[in-house]
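Please keep the structure in view while reading the points.

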Amino acid sequence: MSTSLEPMPRQLPGDLAMWLFILAELSVFAILILAFAVTRQLKPQLFATSRALLDSSTGLAMTLSLLSAGLLAALAQVQVRKHRSRRAAVLLLAALLVASVYVALKLGEYRHLLGAGLGIEHNTFFTLYWILTGFHFLHVLLGMLILAWLAQMAWRRSLGPGTCSGFESGVLYWHMVDLVWVLLFPLVYLLG
Amino acid sequence: MPTSIFLLLCWLALTCLSLGTVMLGQGALILLLAVAKAWLITDGFMELRHGPQRWRWLLLSWALVLAALVGLSLAANT
């Protein structure tokens, strides 16, 4: 539990259960990422031509959206530690707004691909693309739900010394989503 | 340095590295940039710079090992 303005040295922020959950999630994503990399090695030509159908600038915009939401969530955590709950709620709402840019871009990309007939059964690249990015997309949606729940908790000023650890755990989940994306983005959108 | 300023610097570095990744576009260097971004997220945003070293290295090695394996798969094709 963290109640001071600055985190205590050598103390794990958030709950241990959340860290174990994050490790489990990272393991699942590692298997999916490796499956993508190995299949890419087996079918380099197919992956190069299929990847060229994706727009890397959209991928960059999604990256910036997720990272900016991560910054705002981290700043909200700083405000909670300073017992400024309302400021934290505003920052979390801003994080949700920025994160919704990712959702809009991703849905636009999915709609475009489906319209072009590039669904999950089109070829091996798109099968893995839909599984990998779809699984990550679901995590983003869950992360947004958690941020929204934290925002309403902060707005009601129901965050205190006893709930600060829970707040940190919720924000950690969002950072895990960011962490996965920074590896997923170059692998799916750039490495041909 | 105040935590808020530190977080802003982390975000600025993450933004620059993301732009650099797209500008480079190809090659093993963008995997190194991905590891650098992962380090900024774990040490900066997740505050593991203040956390137990085992957890810090565990999360950083997740990115490092994955990037290395992806890099090896790239090298096998060339």
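1. Helices (H or I, at least four residues) and strands (E, at least two) are DSSP runs, numbered from the N terminus. The expected span of a helix is 1.5 Å times one less than its number of residues. By that rule α1(A), with 27 residues, is expected to reach 39 Å, and from its first C-alpha to its last α1(A) reaches 39 Å.

2. This is a predicted model, in which local features need pLDDT of at least 70 and side-chain atom pairs count only at pLDDT 80 or more, while totals for chains, interfaces and linings use all residues. Residues are numbered from 1 along each chain as its sequence is written, and chains are lettered from A and ligands numbered from 1 in the order in which they are written.

3. Chain B has 3 helices and 0 strands. Its C-alpha atoms fill a box of roughly 45 × 30 × 10 Å along the principal axes. A residue is buried if 20 or more other C-beta atoms, placed from the backbone, lie within 10 Å of its own; 38% of the 78 residues of chain B count as buried.

4. Two residues are in contact if their C-beta atoms, placed from the backbone, lie within 7 Å. Between the chains, 39 residues of chain A are in contact with 35 residues of chain B. On the chain A side, α1 (16–42), α3 (56–81) and α6 (164–190) each give two or more residues, and α3(A) provides the largest share, 11 residues.

5. How do α6(A) and α2(B) cross, and at what angle? Their axes (lines fitted to C-alpha atoms over the stretch in contact, with angles from 0 to 180 degrees between N-to-C directions) come within 9 Å and cross at roughly 175 degrees. Angles over 145 degrees count as roughly antiparallel, so α6(A) is roughly antiparallel to α2(B). Among the residues that meet here are A:Leu179, A:Val182 and A:Leu183 from α6(A), and B:Ala34, B:Ala38 and B:Ile41 from α2(B).

6. A nonpolar core is a set of buried Ala, Val, Leu, Ile, Met, Phe, Trp, Tyr and Cys residues joined through C-beta atoms within 7 Å. The largest one has 79 residues, and A:Ala73 and A:Leu183 are among those with the most contacts inside it. Helices of both chains supply this core, including α4 (85–115) of chain A and α3 (53–77) of chain B; the largest share, 19 residues, comes from α6(A).

7. A:Ala73 touches A:Leu92, A:Ala95, A:Leu147, A:Val171 and A:Trp174, leaving aside residues up to four places away in sequence.

Key: Angles under 35 degrees count as roughly parallel, over 145 as roughly antiparallel, 65 to 115 as roughly perpendicular and the rest as oblique. A residue is buried if 20 or more other C-beta atoms lie within 10 Å of its own, exposed if 12 or fewer, and partly exposed in between; C-beta atoms are placed from the backbone.
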